[in-house]
Amino acid sequence: MTLLKAAPILVCVLLLIWFLAAGDGISVDTILSYTPRNPVLAALLLLALYGVKSLTIVFPILLLQVAAGHLFPTGVALVVNLLGLVVDLTIPFWIGRASGSGLIQKLTKRFPKLEGLLGIQQNNTFFLSFFLRVINCLPGDVISMYLGATGTPYLTFLAGQMLGSLPSTICATVLGSSISDPLSPKFILALLLTILIAVSSSLFYYLYKKKTKKKSEPPMPSSDRDGGPPVS
């Protein structure tokens, strides 16, 4: 448990050193510059980076997905990204499962949005896993840790999260495959779809919050609705 708790801090320190050594920061070009020419080794390195990303929260998964799309043929890149997504989801999930209920309190205290969103967990964990990935209102690794800590079945969690991540993963992969020609219709379409997914996610979350807030408001007393005193 001590090693598990210390691992994210250690990885963040290593990433910070890498960030400073890179000069221009961590970008797709930085990742590609450290990637082996052998396609198998390149795929293994990307999967390892997915594992590192799952422990940092702040590392954007989009960079890895775009890098894979640029390195491999689109079909192969999509497989690599989906496998990487499994790695990215699995590690924090089992950290959460190993940490137990103590982690739940810490996460809800640090991320208050969790308390408002997780009322639907009681009856439909698959929908919850899918929903939290689609609205994208919290870091994915935080969601994975929380669902692991709350005892969500792993396969249910993984299926919901993968399904919710599929559209953005496909768009990012296609974006990477055409990144060398940013004026091409393929690149522009993938970029527009990526932006559309992000905007739709924010809008979906806003409407959900508005709906739940309206439901939580106490009903108006009959005297206020009718304009007269309540009937005894």
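Guide: Helices (H or I, at least four residues) and strands (E, at least two) are DSSP runs, numbered from the N terminus. On that basis the protein has 12 helices and 0 strands. This is a predicted model, in which local features need pLDDT of at least 70 and side-chain atom pairs count only at pLDDT 80 or more, while totals for chains, interfaces and linings use all residues. Residues are numbered from 1 along each chain as its sequence is written, and side-chain values use heavy atoms, with hydrogens and water left out.

A pocket is an open set of points on a 1 Å grid over the protein atoms alone where a 1.4 Å probe fits, with protein on both sides within 12 Å along at least five of seven lines; lining residues have an atom within 4 Å of a point. The largest pocket has a volume of about 720 Å³, the volume being the space filled by probe spheres set on the points, which are joined across faces, edges and corners.

Its lining has 16 nonpolar, 11 polar and 4 charged residues. Here Ala, Val, Leu, Ile, Met, Phe, Trp, Tyr, Cys and Pro count as nonpolar, Asp, Glu, Lys and Arg as charged, and the others, Gly among them, as polar. Of the 31 lining residues, Ile61, Arg133, Asn136, Ser168 and Ile197 lie nearest the centre of the pocket. Helices H4 (61–71), H5, H8 (125–135), H9 (140–149), H10 (154–177) and H11 (185–216) each supply at least two lining residues.

Helix H5 (residues 74–99) also holds aspartate 88. Contacts (heavy atoms within 4.5 Å) of aspartate 88 include Ile61 and Arg133.

Methods:
Lists of a residue's contacts leave out its neighbours within four places in sequence.
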